[in-house]
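Student: I have a model open and some labels to check. Can we go through them one at a time?

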Amino acid sequence: SIGYSSCHWCHVMERESFEDPEIARVLNERFVSIKVDREERPDLDAIYMEAVQMLNQGRGGWPMSVFLTPERKPFYGGTYFPPRGWGGMPGFGQVLVQLAEVYRTQRGRVEEAARSIAEHLAETGGPAPAAELPGDEVLEAAVEHARRTFDPAHGGFGPAPKFPRSVEVTKLLWHHARSGGTEALRMAETTLDAMALGGMYDQIGGGFHRYSTDARWLVPHFEKMLYDNALLARTYVEAFQVTGKEMYRRIAGEVLDYVLREMTGPEGGFYSATDADSEGEEGRFFVWTPEEVEAVLVAKDARLVCERYGITAGGNFEGGRSIPSVARTPEQMGRALGLDPAEVEETLRRGRAALYEARERRVKPFRDEKVIAAWNGLMVSALARAYQVLEEERWLEAAERAAAFILEELRPGGRLHRTWKDGRARHLGYLDDHACLAEALLDLYEATFELEHLERAREIMDALLEGFWDPAGGGFFFTSAAHERLIARRKDPLDNATPSGNGVAALTLLRLERLTGEGRYKDRAVELLKGAAAFLERVPMAMSYTILALELANHPPAEVAVVGDLASSEARALLRVVRRKLLPGRVLAAARFPGDPRVAEAVPLLRGKTPVEGRPAAYLCQGCTCRPPVTDPARLDALLAGYRRG
């Protein structure tokens, strides 16, 4: 059985079937029962999910029930089974008895079916690598797919259920920044606005739920995942860079503060998820009635809060309760009630804080406190990027503390591991663990300009190149050569709930080459992108992160070097100009002058760069050409405003 801690139906099947005495008896007598956390063992999950989809016309999901031979080859599988048959579904107990009998009496047929499935799973050969890198037509095809599936009324792409798909929104923001076109920006803003105002966003405590069950982003599935909040925080920061819209700044900050407040361990690592359920009900922790609001606030304030968040007597969720969403703005409420909008805003601020304190006294959903390297990398990256744009020191401090924790505690013997809990690191790290951590360390370097972060990023990527690279077809396997041998060694180019590890690795390799000058990083990234060309052309909408890497490979990014007294107000003003703009894939390096000579040696972009007449200076470069240095932030702003990638 493969599932995860915050999976609602996993808990249902556990309660209904695994804890049922009769079903448990059959399981114990006739099977070796193994329960797997897909977040700890994504390698197993990927293999057996493909098997289940093969056996069920493409349908899969969790909980996943897979039946294997002793050689671990699958011969039957499904998802959720009720304890006893209903609605045309066989009961789990019935499935167990029948499979045990088939295995006993028809062993040869079972083993032949398992062998055939295992052979299919073990096939690693994909399309032949392209001779050349794909061009901008891939990006245009992805944007065109977004146009065709875009919901103009409610934002998002496709019908319900709607997932955040934050990297797709980032892709639209990058497209706008490169081309200046407005349609991609309109789709991005409509989607970000709708998510931020709906019930999928926790209006009281901050942070995003997993997905919306409806088209309007009102009714979420209430689990919260660390990776969603990391990726969405990054996207809202980028949207703020593009638009200057205050709501985007606020949402990004609230998401990050929620993580620091509720999802951070005492050691500095970030927890992975919280459940949708509490007190046996999905969403119970997050929903309200007017009476519950009135029990916390005085009548006048309660009325305003209920108006703001759409909390009504009839409710918009089960049991007559309401999921808070933004029903009316303070300006609309002020006009309707004859109040000053500033007074309304202050009342809402107090009311929201009071509701949060009252909610904290409720029974909380279960929190999965394992620390996952890849997801922590995504959150470190979000914090480091947000610090660069919004300049909140607490975010940088949390990012550095988490990175130090991962590097210290999840690398026993110098080898990155996947998870950490209760003082113990487990399972060798996978592709996404290495790629996301290396990306985060690069973001930390660009936030602090501490050379150690760049050096650690290189260590992680070098380990990835050594242990995961597929010399036959380009790209990275999901597991290293040192991992446990399974019935298949997978290489997945597509984004899932998190970005493709190959996509993150490609983008990070290209950034590393720009910073270090080492062509081997770019060579590997180009090989990877050529190997992914067929997928990029066939399903570009499923490869958003890889498309970001392709953009960087085809269009040299802006490279900015700042030298001088980095603690001075002049240097900070120059850095602020660079960081406040969305320059897709931009590379930023800085150094004190005079400083550690190792820095210029490690970062060629800084070589030969000096202050101008004692003042901190910024150099804007592209490819092998640098413009004359500037010391005036307004002049640098003008240069960057006119910058377009070639």
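Student: Why is Thr419 called buried?
Tutor: Buried means under 20% relative accessible area, exposed over 50%, partly exposed in between (1.4 Å probe, protein chains only). Thr419 has 1%, so the label buried applies.

Student: What should I know about the model itself?
Tutor: It is predicted: local features need pLDDT of at least 70, side-chain atom pairs count only at pLDDT 80 or more, and totals for chains, interfaces and linings use all residues. Numbering runs from 1 along each chain as its sequence is written, and side-chain values use heavy atoms, without hydrogens and water.

Student: Which residues is Thr419 in contact with, leaving aside neighbours within four places in sequence?
Tutor: Contact means heavy atoms within 4.5 Å. Among the partners are Glu40, Lys370, Leu410 and His427.

Student: Where does Thr419 lie?
Tutor: In strand S12, residues 417-421. Strands are DSSP runs of E, at least two residues, numbered from the N terminus.

Student: What makes S7 and S8 a pair?
Tutor: Two strands pair if DSSP finds at least two bridges between them. S7 and S8 have two, in the antiparallel sense, so they qualify. Met225 stands opposite Ala273 in S8.

Student: In what order do the five strands of the open sheet run?
Tutor: The order is S7-S8-S11-S12-S13, with antiparallel pairing. S7 (224-225) and S13 (424-428) each have a single partner strand, so they stand at the edges, with one side of each left without a neighbour in the sheet.

Notes. Helices (H or I, at least four residues) and strands (E, at least two) are DSSP runs, numbered from the N terminus.
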